[in-house]
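Please look through the sequence and the structure that follow, and keep both at hand while reading.

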Amino acid sequence: MATSLIPLSSSFLQPLKFKTLAKPRNPDLSTTRKIVTTCDSQKNTGSSNPSSRNPNFQKRRKSSKYGTSRRSILKKSFLQEQVTFTARLSSDPHVAIIGGGMSGLVCALNLEARGVQSTVFDTGIHGLGGRLGTRIIEPQGLVFDHAAQFFTANDSRFIRYVDGWLEKGLVREWNGVVGELEIGGSFSQFPPSSPPRYIAVNGMRSLADSLLLESQMVNLVRPCWISKLEPLNGMWHLSENGTPRGQFDVIVIAHNGKCANRLLSASGLPLVAKQMKKLDLSSIWALLAAFDDPLPAVNFEGAFVKGVESLSWMGNNSAKLGNVKTPHCWTFFSTAAYGKQNKVPQENIPTVTSEKVRAGMLHGVEIALGLPEGSLPKPVYTRLQLWGAALPKNTPAVPCIFDPQGRAGICGDWLLGSNLESAALSGEALGNHIADFLQKGEANPEEFEIGLHDRLSPLAGHDIGQFPGLTSVGEKEEAKAYQLL
């Protein structure tokens, strides 16, 4: 049952303390550079010291507004003036959540449970979900989970979510054969004692698209790419390439990568921007391939591949989702190392690179299965995708980040781990934290600061994420041997 917030004062808004920088020399150029389309894959190819190439660099930086130049995101993130809101919060506060993945959606639902309205902005054209991605190819009716393949539940709080999804028929246990595949076709199935594996019944994206169906206080704007955050008159004003998208009391950044870094670099939130900038993300290739005939020498539905440079996972979507008709739809993922070696701008993959990676990954399938080179059946459909900001490689191990002075927070799996469970728990934590702040944070806002100064540590896990409780076959044997000593 939703609980009402303690009534907040609606007295006149006070101006916030924010240092105004000089206007850019060319406003039109500045506005154009703010436009974001495919930020994640844009690569910094310039020198690390731009002032050595252009003696006027420092002068130009100081006279410009917080910009989005690739080579200056980091410097401008740290040099920008901190926003400090002094205006009273609205009597009916409204939160903007930028990102419609699991963490953003759970954050919105927990805000609603506390009586707080929110608006979720998401860039998805076909649906919500972030890494809960499913690609459907018509008219053939091919279905591929091209990001998260499945998930496990270990924390009691996340188990409650999963139990609710099971009751509503949104997810089910995946009882297919899953295990580890070594070079030459040596397959080891995970033992029956392994924790349950869960999948969404109609592809992973269907879970994300279903979460807000019963919500009453969550608005959804999609597709929308928020390109600017501006503090004005005690509120956050959001815009998409010059088009206003509303004003809000609190903002939440529920996505990451270069797009988030660019957005925060000009926001007036240097501490939040600095923490986000510390995040290190892997790059992974996904190859979707459909075959008329079953793959030879395969007796499993999913396998973590070991020892193959170009391949870390192979999963049979058709078998997993119960699609018995042909063709057989497979998702193959590269290793993070292979993704790094072959990384290119993901919105414009050169033909020579796509051909090389496609051939390399299909050859990796042959190596993993122990098939002669060139014997793998030719796929009737392929699609190659580079996840340029695939999964986190480090973490601060805090549930969320929140700047009470700037009334802004971050949620996402990377704050706790690298899986769906971590994303949900982070969204829950931030939703409740913001609700608490809105109820009693005006008197002592500094008490609500969290995660702004925590160091990030390396994050262990498989190349396609963490699966709590799912221990590899080799690790189980090592543990058993140790216990017998």
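A residue is called buried when its relative accessible area is under 20%, exposed when that area is over 50%, and partly exposed in between, all judged with a 1.4 Å probe and with protein chains only. By this rule Ala389 is buried, because its relative accessible area is 16%.

The model is a predicted one, in which local features need pLDDT of at least 70 and side-chain atom pairs count only at pLDDT 80 or more, while totals for chains, interfaces and linings use all residues. Residues are numbered from 1 along each chain as its sequence is written, and side-chain values use heavy atoms, with hydrogens and water left out.

Consider the whole chain to begin with. Of its 485 residues, 52% are buried. The chain contains 14 helices and 22 strands, where helices (H or I, at least four residues) and strands (E, at least two) are DSSP runs numbered from the N terminus. Its exposed surface comes to about 22,100 Å², with carbon and sulfur atoms supplying 51% of it; such accessible areas come from the Shrake-Rupley method with a 1.4 Å probe, and for residues only the protein chains shown count as cover. If contact means heavy atoms within 4.5 Å, then among the contacts in the chain with a separation of 6 or more, 74% join residues 24 or more positions apart.

Single residues show what such contacts look like. Ser118 is found in strand E2 (residues 117-121), and Ser118 counts as buried because its relative accessible area is 0%. Neighbours within four places in sequence aside, the contacts of Ser118 are His94, Val95, Ile97, Ala108, Leu111, Met217, Val218 and Asn219. Val106, by comparison, sits in helix H5 (residues 102-113), and a relative accessible area of 1% is why Val106 also counts as buried. When residues up to four places away in sequence are not counted, Val106 touches Tyr161, Ala424, Gly427 and Glu428. Although Val106 and Leu211 are 105 residues apart in sequence, their C-alpha atoms are 8.3 Å apart in space.

Now return to Ala389, which lies in the loop between strand E18 (381-387) and strand E19 (394-395). Its C-alpha atom is separated by 8.0 Å from that of Asn256, a residue 133 places away along the chain.

Which helix is largely enclosed by the rest of the structure? Seven of the eight residues of helix H8 are buried, so H8 is largely enclosed in this way. The buried residues of H8 are Cys259, Ala260, Asn261, Arg262, Leu263, Leu264 and Ser265. Cys259 is placed in this class because its relative accessible area is 11%, and Cys329 is likewise buried, with a value of 3%. A search for disulfides, each being a pair of cysteine sulfur atoms within 2.5 Å, finds zero in the whole structure.

On a 1 Å grid over the protein atoms alone, a pocket is an open set of points with protein on both sides within 12 Å along at least five of seven lines, and lining residues have an atom within 4 Å of a point. The second largest pocket has a volume of about 750 Å³, a volume being the space filled by probe spheres set on the points, which are joined across faces, edges and corners. Its lining holds 33 residues, and Asp280, Leu281, Ser282, Ser283 and Gly388 lie nearest its centre. The largest share of the lining, three residues, comes from H11.

Some local features of the backbone remain. The peptide bond from Arg222 to Pro223 is cis, with omega near -5°, and Pro223 lies in the loop between strand E9 (218-221) and strand E10 (228-232). A cis bond also leads from Thr326 to Pro327, with omega near 0°; Pro327 is in the loop between helix H10 (317-321) and strand E17 (328-333). Asn233 has a positive phi of about 55° although it is not a glycine, and Asn233 counts as exposed because its relative accessibility is 54%.

Notes
1 Å grid on protein atoms, 1.4 Å probe; cavity = no way out; pocket = protein on both sides within 12 Å on 5 of 7 lines; lining within 4 Å.
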